[in-house]
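Subject: Handing over a structure, with notes

Dear colleague,

I am passing on the structure below, together with notes on what was found in it. Please keep it open beside this message while you read.

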Amino acid sequence: MKKNFFDRFADQAAYFAGSPGAFIGASLLVIIWAATGPFFKFSEVWQMVINTGTTIVTFLMVFLIQKAQNKDSKAIQIKLNELVAAHENANNRIVDIEDLTEEELDQIHKFYEKLRNSRNRDTSKEEE
């Protein structure tokens, strides 16, 4: 399957942003910026350089990281759905559960808590 430009760019940018090289590069930029403070007499322009640069990078990275996170979440959901669908005793109601409302998720969570508690009681009785 061929990826579009933005998908490829977002994948590569997210991968690079999490690399040691990116951290070292960012750290070096901050060190260089700080070291040039005396040369620029710690002026407002000198401070604005780092403030503007970090703000722009942060703003853009939010979107790239969210794109990567969305893709990862979708892939995990598909894998989980496959596991649920493949297990003959599984409850297929929970396939695509991520599409439910928060209240519906709370109801299902309570159901599984009750189920777990009843199984724990049954296990305790068997051990006695």
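A salt bridge is taken here as a side-chain nitrogen of Lys or Arg lying within 4 Å of a carboxyl oxygen of Asp or Glu. By that rule K3 and D11 form a salt bridge, since their closest N and O atoms are 2.5 Å apart. Please bear in mind throughout that this is a predicted model.

Salt bridges

How many salt bridges does a search of the whole structure find? The search finds three, and the pair of K3 and D11 is one that meets the definition. Both partners count as partly exposed, K3 at 36% relative accessibility and D11 at 23%.

D7 and K67 form a salt bridge as well, with 2.7 Å between the closest N and O atoms. Because D7 belongs to helix α1 and K67 to helix α3, which covers residues 44-86, this pair ties together parts that are 60 residues apart in sequence. D7, at 21% relative accessibility, counts as partly exposed, and K67, at 27%, is placed in that class too.

The side chains of D11 and K71 also meet in a salt bridge, at 3.0 Å from N to O. This pair links distant parts of the chain, with D11 in helix α1 and K71 in helix α3, 60 residues apart. K71 is partly exposed, its relative accessible area being 38%. Through salt bridges that share partners, K3, D11 and K71 are joined into one network.

The helices

Helix α1 takes in residues 5-17, and at 1.5 Å a residue its 13 residues should span 18 Å, which agrees with the 18 Å that separates its end C-alpha atoms. The N-terminal end of α1 is capped by N4, which has a side-chain oxygen 3.1 Å from the backbone nitrogen of F6. Further along, A14 lies in helix α1 and is partly exposed, with a relative accessible area of 24%. The C-alpha atoms of A14 and T101, which are 87 residues apart along the chain, are separated by 30 Å.

Helix α2 comprises residues 20-35 and includes I32. I32 also belongs to a nonpolar patch on the surface, formed with F23, I24, L28 and I31, and these residues together have about 540 Å² of accessible area. As a general point, an α-helix has 3.6 residues a turn, so residues three or four places apart point the same way.

Not counting residues up to four places away in sequence, A22 touches F16 and A17.

For helix α3, the 43 residues should span 63 Å at 1.5 Å a residue, and the end C-alpha atoms are 62 Å apart, which agrees. Which residues of α3 are buried? They are W46, M61, L64, A68, N81 and V84, and what covers the buried residues of α3 includes α1 and α2. To take one of them in more detail, N81 has a relative accessible area of 14% and is therefore buried. Leaving aside its neighbours within four places in sequence, N81 is in contact with I94, V95, D96 and E98.

The loop between α2 and α3

Two residues here may deserve a second look on account of their backbone angles. Most residues other than glycine have a negative phi. K41, however, has a phi near 55°, a positive value in a residue other than glycine, and K41 is placed in the loop between α2 and α3. F42 is placed in the loop between α2 and α3, and the phi of F42 is near 50°, which is again a positive value in a residue other than glycine. As for accessibility, K41 is exposed, with a relative accessible area of 69%, whereas F42, at 46% relative accessibility, counts as partly exposed.

Methods:
Residues are numbered from 1 along each chain as its sequence is written. This is a predicted model: local features need pLDDT of at least 70, side-chain atom pairs count only at pLDDT 80 or more; totals for chains, interfaces and linings use all residues. Side-chain values use heavy atoms; hydrogens and water are left out. Helices (H or I, at least four residues) and strands (E, at least two) are DSSP runs, numbered from the N terminus. The expected span of a helix is 1.5 Å times one less than its number of residues. A polar contact is a pair of N or O atoms within 3.5 Å; within protein, one must be able to donate a hydrogen and the other to accept it, and residues adjacent in sequence count only if both atoms are side-chain atoms. Patches are made of residues with over 30% relative accessible area and no salt bridge: like charges are joined within 9 Å, nonpolar side chains (Val, Leu, Ile, Met, Phe, Trp, Tyr) within 5 Å. Accessible areas come from the Shrake-Rupley method with a 1.4 Å probe; for residues, only the protein chains shown count as cover. Buried means under 20% relative accessible area, exposed over 50%, partly exposed in between (1.4 Å probe, protein chains only). Contact means heavy atoms within 4.5 Å.
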